[in-house]
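Let's take a friendly tour of a protein, one feature at a time. Have the sequence and the 3D view open while you read.

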Amino acid sequence: MPMKTNNIKILTLSLGLIILFSFFLFMIFKPTTYEKQYKVKDFSVKEAYDSKNKYYKFTITYDNKIYPFIINHKYISARKLIDDITLTQSDNEVCILPNSKRIDFYPLCQNEEDMYSYNLANNHDLEFQYPNVVDENKTYNKITIHNLNNLNYLIFNYRGFYLLNKENKEIKLFSKDIYLLDLVYQINNYLLVADYNQNYYFNKFYLINIKNGKVKEIETDVNISFNSIFLGDYKNKVYLLDKKEEKEYAINIKKEKIEEVPYQILKDNKLVNKTFHEITNNNLVFEQKYHLNYILEDKKLYVYINDIKIKVTDQDVTKIIKIDEDKVYYLVNEDLYCYDNFNGERLLLSNFEWNFNNTNVIYIFK
């Protein structure tokens with residue numbers, strides 16, 4: 001009996017040690033928000049991790065100038081992630097490139113007036129290159145395809161959409177030309193479109209699956225006014241406010257059902273009850289947060305980091321189409337471009353029609 005008791009004690013102790021060690025490892029590698037300052041040669045570095053939004057922020061100071069970086073990356077338990085920083089100077093231009101064994105970085109440049117992307121630099125002496133891209137120069141229904149960039153596109157054509165990917169196809173929805181498409185919403189791999197075959201009121205949505213191009217119909221017994229707006233989405237539900245009938249609906253994408261809900265918006269990742277007039281008088285919609293804040297100022301495209309404005313293109317930009325994490329998609333007249341810090345500026349598609357109509361006509365999916 002004593003032998004058996006000793007074995008139980010040893011087993012219990014071993015199990016306890018395993019649990020304790022596992023907890024210790026979990027605490028070490030658990031994503032933790034932190035901020036740390038250190039020096040790399042003549043550069044001052046402030047390194048921070050945002051565990052909620054899962055990105056690193058680096059603020060590098062050199063010669064009284066600040067270079068901010070935001071990098072989407074999974075948590076790394078180590079600190080002081082920048083090992084070295086390369087610098088090039090010519091005339092009034094200074095460019096820096098942080099180097100790390102664990103994180104990929106991109107260069108940033110500035111002169112006496114502006115900070116700007118490396119693709120706008122006068123010299124490219126740093127050991128960094130944007131990937132080479134070959135223009136496909138294909139045409140589908142008057143749309144020139146330069147580079148799909150491994151993405152899927154839905155392009156509105158007044159009666160439906162063209163689905164552009166490896167196998168282009170047309171998706172027909174309407175029996176008449178629709179020139180103003182207001183009630184359309186992109187969520188996950190779907191595009192939700194009100195039934196514009198009806199007038200003034202509708203009771204059906206079309207749900208386009210970007211993966212296969214198939215269309216499902218989501219119907220309701222309720223008549224919804226076209227004087228409605230999409231507020232946003234939350235947990236596979238798209239929320240719509242009927243401003244004429246003063247009702248709010250949730251369209252469940254998975255269950256393909258529509259239900260009336262209390263007046264509410266999304267704030268701090270929680271649904272918050274509001275009144276109808278609070279929403280309409282204050283133009284409230286669901287809160288959206290981007291790691292990188294791309295904006296247009298006088299037709300020039302900038303990204304703001306730490307309240308520092310960084311220019312990303314010299315072109316006159318017509319409008320921003322979509323912001324997706326660190327990427328921005330935008331129109332320059334009839335040309336659709338994509339920009340991110342690691343790939344630079346890429347021409348994706350061209351469509352002469354976008355010179356005249358570019359509102360709610362381009363939808364981009366991964």
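Predicted model: local features only at pLDDT ≥ 70, side-chain atom pairs only at ≥ 80, totals over all residues.

**A hairpin**

Find strand S16 (residues 201-209) and strand S17 (residues 215-225), which run antiparallel and are joined by 7 bridges. Together S16 and S17 make a hairpin, with 5 residues between them. In the turn sits glycine 213, whose phi is positive, at about 75 degrees. Along the pairing, phenylalanine 205 stands opposite isoleucine 218 in S17.

**The cysteines**

How many disulfides does the structure hold? There is 1, and it links cysteine 95 to cysteine 109, with the sulfur atoms 2.1 Å apart. Cysteine 95 belongs to strand S6 (residues 93-99) and cysteine 109 to strand S7 (residues 108-110), so the bond ties together parts that are 14 residues apart in sequence. The link between cysteine 95 and cysteine 109 is right-handed, with 110 degrees about the S-S bond.

A disulfide needs the sulfur atoms within 2.5 Å.

Here's how accessible these cysteines are:

| Cysteine | Relative accessibility | Class |
|---|---|---|
| Cysteine 95 | 0% | buried |
| Cysteine 109 | 0% | buried |
| Cysteine 338 | 2% | buried |

They count as buried because the cut-off for that word is under 20% relative accessible area.

**Empty spaces**

Rolling a probe the size of a water molecule over the atoms shows where empty space is left. In this model the count comes to 1 cavity of 30 Å³ or more. The largest cavity has a volume of about 40 Å³. Its lining includes Tyr106, Leu108, Val303 and Asn341. By class, that lining has 7 nonpolar residues, 1 polar and no charged.

Then there's the largest pocket, with about 2,000 Å³ of space. The pocket lining divides into 23 nonpolar, 13 polar and 14 charged residues.

Conventions: Residues numbered from 1 in each chain as written. Heavy atoms only, no water. Pairing = 2+ DSSP bridges. Helix = DSSP H or I, 4+ residues; strand = E, 2+ residues; numbered from the N terminus. Buried < 20%, exposed > 50% of the residue type's maximum accessible area, 1.4 Å probe, protein only. 1 Å grid on protein atoms, 1.4 Å probe; cavity = no way out; pocket = protein on both sides within 12 Å on 5 of 7 lines; lining within 4 Å. Points joined across faces, edges and corners; volume = space filled by probe spheres on them. Nonpolar A, V, L, I, M, F, W, Y, C, P; charged D, E, K, R; others polar.
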